[in-house]
Amino acid sequence: SAAYLGRYCDWLATNSATTNAESAEKYLSKSNHTKPNTRAKYATYLKAFLKYLDIPFDLTVKVPKTLPEYVEGSEIEKIVEWIKNRKTYRDTIDADLTLIDTAMKTGMRRSEMGNLKVEDINLDKGRLYVRGGKGDKDRVIPIHPDLVEGLRRLIERKAGDDSVFGLLPRSIGNKFREWSKKAGVNIHTHSFRHHFATTLVEKGANIKVVQELLGHNSLATTQVYLSVKPQHLEEAINILD
């Protein structure tokens, strides 16, 4: 938000414009080519900035409701197989597979995996702590049994404040993008979070528990996963004669 508002202030100075609702709307229009979610985010930044200056700015950007992508397990398996069989970077195969496993079995965001510290993992209790997630919220995620040994190997001989994966969030995104391309599938880091959520919902996990695991502020955000593979809708239709 600071970067966007900084660009807005630079634009004001360059164009000798005044900070008001009209200039804010004009600057926002420069983002008309972006996705609705991005434009809505920019509108929120401008609204908060103008509110701080006691300037009303009532413009809202309507965001269409879209379903999260459905990610087939077979697509993820193609990436796993490609990593296992690659000819280069053989010494990082275990670490890379653990990174993928963590994304699949915790539903963590890219930024959260990049910020994960050794001290945030308690293997004895089987708990992983996400510090300062989206919205500056902390949460706890139980560690899946299949993930324990991979994490144990990653963090041994590391200090408590060391990064678990040793990668910045952007680097994690780049890795997943490269692996996806090499494996011939079209998925990204966030796809693994979608897979985590839809798998839990499909298997009957309580939606409020899924919300807590994902770190969603609103239950409505989590409930969209109910419609990704709408078994409950199919059951209702099958009642018909």
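Predicted model: local features only at pLDDT ≥ 70, side-chain atom pairs only at ≥ 80, totals over all residues.

Me: How many bridges join E1 to E2?

Reply: Two bridges, with E2 covering residues 127-130. Ile 121 stands opposite Leu 128 in E2 there.

Me: And E2 to E3?

Reply: Four bridges, again with the strands running antiparallel. In that pairing Val 130 stands opposite Arg 139.

Me: Back to Ile 121. What is it in contact with, leaving aside neighbours within four places in sequence?

Reply: Leu 116, Arg 127, Leu 128, Ile 143, Leu 151, Ile 155 and Val 164. Ile 121 is also among the residues with the most contacts inside the largest nonpolar core, as are Ile 143 and Val 164.

Me: How many residues does that core have?

Reply: It has 43 residues. The elements giving two or more residues to it are helix H4 (73-85), helix H5 (93-106), E2, helix H7 (148-155), helix H8 (169-183), helix H9 (189-202) and helix H10 (207-214). H5 gives the largest share, five residues. Apart from that one lies another core of 16 residues, including Leu 5, Leu 28, Ala 40 and Ile 55.

Me: Fine. Switching to helices: how do H5 and H7 cross?

Reply: Their axes come within 9 Å and cross at roughly 130°. H5 and H7 are therefore oblique to each other, and the crossing is left-handed. Asp 94, Ala 95, Thr 98 and Thr 102 in H5 meet Gly 150, Leu 151, Arg 153 and Leu 154 in H7.

Me: What about H9 and H10, at what angle do they cross?

Reply: Roughly 160°, with the axes coming within 10 Å. The cut-off for roughly antiparallel is over 145 degrees, which makes H9 roughly antiparallel to H10. H9 passes H10 in a right-handed crossing. On the H9 side the residues are Arg 193, Phe 196, Ala 197, Leu 200 and Val 201, and they meet Ile 207, Val 210, Leu 213 and Leu 214 in H10.

Me: While we're in H9, is Ser 191 buried or exposed?

Reply: Ser 191, which lies in helix H9, counts as buried because its relative accessibility is 0%. Leaving aside neighbours within four places in sequence, Ser 191 is in contact with Glu 69 and Val 71.

Me: Last one: at what angle do H1 and H2 pack?

Reply: About 115°, with the axes of helix H1 (residues 2-14) and helix H2 (residues 21-28) 11 Å apart. That makes H1 roughly perpendicular to H2, and H1 passes H2 in a right-handed crossing. Tyr 4, Arg 7, Tyr 8, Trp 11 and Leu 12 in H1 meet Ser 23, Ala 24, Lys 26, Tyr 27 and Leu 28 in H2.

Methods
Residues numbered from 1 in each chain as written. Heavy atoms only, no water. Pairing = 2+ DSSP bridges. Core = buried A, V, L, I, M, F, W, Y, C linked by side-chain atoms within 4.5 Å. Buried < 20%, exposed > 50% of the residue type's maximum accessible area, 1.4 Å probe, protein only. Contact = heavy atoms within 4.5 Å. Axes fitted to C-alpha atoms, helices over the stretch in contact; angles between N-to-C directions. Parallel < 35°, antiparallel > 145°, perpendicular 65-115°, else oblique. Left-handed = near helix turned anticlockwise from the far one by under 90°.
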